[in-house]
Amino acid sequence: MKVRKFAITDASLERSPGQDGDIFAGNVIDQRHGGPITIGFGRYAPNQSLDEKLSVDDVMLILEGKLSVTSNGSTVTAGPGEIVHMPKGETVTIRSHEQGAVTAYVTYPHWQEARE
């Protein structure tokens with residue numbers, strides 16, 4: 001694999017699997033590229049919520065807006081330039097605020113394979 005850079009315009013954003021809300025994800029690197037991680041972008045419309053039991057380690061970098069992540073009764077809120085790590089096996093609720101959010105993410109291993 002060669003060195004590359006990506007922008008959100010490189011991602012084909014699709015509704016997050018199994019979700020009804022206006023939450024979209026788009027991989028730019030995944031299992032098709034031969035590496036061990038998935039890298040992509042996410043977009044959350046205002047006031048959306050996603051509940052998930054994580055089958056991968058997930059790291060989110062908030063690029064725009066604000067997200068809150070709740071797990072085991074504890075909540076962290078992150079804004080632009082902040083990173084949230086969500087360990088494999090955790091059950092989380094990710095909630096966007098009134099301005100929505102744009103994120104970049106890295107998962108290990110590939111989230112699409114782990115969900116199957």
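Let's start with the largest pocket: its lining divides into three nonpolar, five polar and four charged residues. On classes, Ala, Val, Leu, Ile, Met, Phe, Trp, Tyr, Cys and Pro count as nonpolar, Asp, Glu, Lys and Arg as charged, and the others, Gly among them, as polar.

A word on the source. This is a predicted model, where local features need pLDDT of at least 70, side-chain atom pairs count only at pLDDT 80 or more, and totals for chains, interfaces and linings use all residues. Residues are numbered from 1 along each chain as its sequence is written, and side-chain values use heavy atoms, with hydrogens and water left out.

Back to the pocket. A pocket here is an open set of points on a 1 Å grid over the protein atoms alone, with protein on both sides within 12 Å along at least five of seven lines; lining residues have an atom within 4 Å of a point. The largest pocket holds about 190 Å³, a volume being the space filled by probe spheres set on the points, which are joined across faces, edges and corners. Its lining includes R15, D30, R32 and W111. β2 provides the largest share, three residues. β1 (14-15) and α1 each supply at least two. Strands (E, at least two residues) and helices (H or I, at least four) are DSSP runs, numbered from the N terminus.

Now the cavity. A cavity is a set of grid points where a 1.4 Å probe fits but cannot get out. There is one of 30 Å³ or more. The largest cavity has about 370 Å³ of space. In its lining are 23 residues, with S16, A25, L50, D58 and W111 nearest the centre. β8 gives the most, five residues. By class, that lining has 14 nonpolar, six polar and three charged residues.

Next, charges. Side chains of opposite charge can pair when their charged atoms come close. A salt bridge means a side-chain nitrogen of Lys or Arg within 4 Å of a carboxyl oxygen of Asp or Glu. The count is two.

How far apart are the closest N and O atoms of D22 and R15? The answer is 3.4 Å. D22 is partly exposed at 36% relative accessibility, and R15 is partly exposed at 39%. Partly exposed lies between buried (under 20% relative accessible area) and exposed (over 50%), with a 1.4 Å probe and protein chains only.

The other bridge joins D30 and R32, at 2.7 Å, N to O. D30 is buried, at 1%. R32 is exposed, at 64%. Both residues also line the largest pocket.
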